[in-house]
Every structure is written in C-alpha cells, then in structure tokens.
Amino acid sequence: MFTTVMRPALLAASRSPRVERTVTSMATTRKMVRRFVAGETEEQAAVVTADLLDSGRYASIDYLGEDTTDIERARGTVSHYLALLGTLEGLPGSTGTVRPLEVSLKLSALGQSLPRDGHAIALEHAHKICTAAAAAGVWVTVDAENHTTTDSTLGIVRALREDFPWVGTVLQAYLLRTEGDCRDFSGPGSRIRLCKGAYREPAEVAYQDRDAVDASYLRCLDVLMGGLGYPMIATHDPVMLEAAAGYLRSGRRGVDGFEFQMLYGIRDDEQRRLVGTGAHLRTYVPYGDQWYGYFMRRLAERPANLAFFLRSFGPGARR
C-alpha cells in the first residue's frame, strides 16, 4: 500500500504549493526537518560537515532549491554556493585521489528552468561554482531531477567536464534510459552517483515496479563497476549495499575504486559501520530554507520515515 498509494501521493504533494503552505507552517514539521536538513545557513552546514569528517565520513553538501524561474533567485543560489565554499576553508582537504568535500548542484536551481536561455544560464552558473570549487579543492556533482531535464543536464555535465574533468553527475536507475547512460559515462575519470530515483515519473520513461527498479539498479551497478570511472553507490537498501560490497570482496574493485553514499539523518549506524570496514562513505548534507520538496521526497522513500513524522502529531506533540 505504501508503494502504490502513499508514495505517489507524497511525491505529488512535494510539488503542490497549497500542501507546501500547510506543511511548512507546522512547528512539528520543522522539528522533523532537523533530522534530515543540516540547518539553514552555511555556518550550520559547515558544523555538521566537520562532525562527519571527524567520524571518518566524506560529505556532499547541497544548498536546497529547485525549479527556479527567477534569474535573481538563481544568482542568489550561486552566491550561497560561493559563500559555502568560503565557509568550508579550514576543514580537512584532499589527502589522496578522493576529495572528502563535495558540493552537489541542482541545475534547475541555477536557472535551467528559466523560459529563455535556461540551459546556457545554468551552464554559466555551474561553471562559476566549479571554478571556485577547483580553487578550494572541492569536488562538484550535478544532481538529477525529473526526466524532462535529463538531456539538458547531461549536456551541461559534458560541457563542464571539458574544463573540470572531475565533475560528477547522478543517474537514476528507475529511468529506462539509465543503463545506456551508465555505459556512456563510465569512461576514465568519470564520477557517477547511482541512485534509484526520487521523482514521480510516467511509465513511458521509468520502471514502475519496485523489483524492476532494483533489477535495473543492479545492471547499472555492474556497468559502472566494470567501467573505468569512480562509481558512487547511493543507496540505503541492504540488498544493493551487499551487491556493491561483493565487488570489493571479489577483487573487481579496490577500496579506493568506489564509494558508498547515504543521506544525512538516515541509517547513521550503518554509515558508521561501513566506515569501520574501511570503505569510503559520503553523506549527502542538505541545508537551506527551501527544504519542503526534499523533505517530502524523504517521507516518500521509506515507510519508517513517514511513520516517524506521523508519530510527531501524537498525544503531547507540540503544535
């Protein structure tokens, strides 16, 4: 029932301004959000990031926001990333081929959704952030959004990699096209974050059945692990985690040849366990005041997240 009814409803609600006004006005929601979001300022995000680094984890930091249709707001997002990169100075930097710090960009927050020249504007803004990140010794990964943006996003990634070959991107296993995209992006120097996908997509472009998504993830994982790049295995699913660990045990991948990625606030004990095995693990750290869409997608991912949220409305909960 969760997969067939609740998840689609929550994903639809994540893009509803009316539901957003209701949910964001609740004090109990903001309390729950603190479990998944590392504050609203660059300084707060830096504190959380420092704690993660101290625990042996890496961090990918995302200034929340998406679907921007105002150029000034897009420029403001760029300013936040530049401020974030300045705030990260002084934190431990790269000691080898893997950089412990990364920023994650949503191109629709940088202007990709603007009605005129959105693609070019997003590329210009992303290039500016990559230039600052290169100077700071920080990686950049371009995030994935709904399927209508995929061609533009991958085109921008290709353009960025001409100047910054370490730029990574995200591929979503629930899209029918992704196995092919994995083959195209598994060459030398590539960095691909493989996730299942968190948007509501039509059957024409995406697998709808959970088992089909899982099977696609495993196929994509095999392509990336067999390629020449640096796979980033973004999952909390024990089956997928075990599948990725199998490449390490078999010798097909060394410990420095890939990393696990998990979300801030989810399965912290498992994150620490994986670090304890010697594996690389990066925690995705979102921050900012535009947290609604991200928060709703987290509720839609796991019944346990939704149950935790609903319990906050029980007897004694503060409104």
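Q: Given that helices (DSSP runs of H or I, at least four residues) and strands (DSSP runs of E, at least two) are numbered from the N terminus, where in the chain is D67 found?
A: D67 is found in the loop that joins strand 1 (58–63) to helix 5 (71–87). The model is a predicted one, in which local features need pLDDT of at least 70 and side-chain atom pairs count only at pLDDT 80 or more, while totals for chains, interfaces and linings use all residues. Residues are numbered from 1 along each chain as its sequence is written, and side-chain values use heavy atoms, with hydrogens and water left out.

Q: Why is D67 called partly exposed?
A: The relative accessible area of D67 is 34%, and the term covers what falls between buried (under 20%) and exposed (over 50%), with a 1.4 Å probe and protein chains only. D67 therefore counts as partly exposed. Its phi is positive, at about 55°, although D67 is not a glycine.

Q: What makes D117 exposed rather than buried?
A: D117 has a relative accessible area of 54%, and is therefore exposed. D117 lies in the loop between strand 2 (101–105) and helix 6 (118–136), and it has a positive phi of about 60° without being a glycine.

Q: How do you know how many disulfides there are in this model?
A: In general, a disulfide is a covalent bond between the sulfur atoms of two cysteines. The rule applied here asks for a pair of cysteine sulfur atoms within 2.5 Å, and by this rule the count comes to 0 disulfides. For C182, the closest cysteine sulfur is that of C220, at 3.9 Å, and so this pair is too far apart for a bond.

Q: Why do C182 and C195 count as buried?
A: C182 has 0% relative accessibility and therefore counts as buried. C195 has 17% relative accessibility, so it counts as buried as well.

Q: What makes R193 a buried residue, and which side chains make polar contacts with it?
A: The relative accessibility of R193 is 5%, and so this arginine counts as buried; its place is in strand 5 (residues 191–195). A polar contact is a pair of N or O atoms within 3.5 Å, where within protein one must be able to donate a hydrogen and the other to accept it, and residues adjacent in sequence count only if both atoms are side-chain atoms. The side chain of R193 makes such a contact with the side chain of S60 at 3.2 Å, and another, of 3.2 Å, with that of E102. Leaving out residues up to four places away in sequence, R193 touches a list of residues that includes D143, T169, M232 and Y284, a contact being heavy atoms within 4.5 Å.

Q: Why is S190 called buried, and where does it lie?
A: S190 has a relative accessible area of 6%, and is therefore buried, although it lies in a loop, the one between helix 8 (178–184) and strand 5. A polar atom of its side chain lies 2.9 Å from the backbone oxygen of G187. Residues that S190 touches, not counting those up to four places away in sequence, are R161, F185, G229 and Y230.

Q: What makes a group of residues a nonpolar core, and which residues have the most contacts inside the largest one?
A: Such a core is a set of buried Ala, Val, Leu, Ile, Met, Phe, Trp, Tyr and Cys residues joined through side-chain atoms within 4.5 Å. The largest has 65 residues, and V103 and F260 have the most contacts inside it. Helix 9 (residues 210–225) gives the most to this core, with 6 residues. Another core, of 14 residues, lies apart from it and has V33, L263, Y292 and Y294 among its members.

Q: How do you know how confident the predictor is?
A: The score is pLDDT, the predictor's confidence in each residue, from 0 to 100. The chain averages a pLDDT of 88, and 86% of the residues score at least 70. Over residues 312–319 pLDDT stays under 50, and for that stretch the model has 11 contacts beyond four places in sequence.
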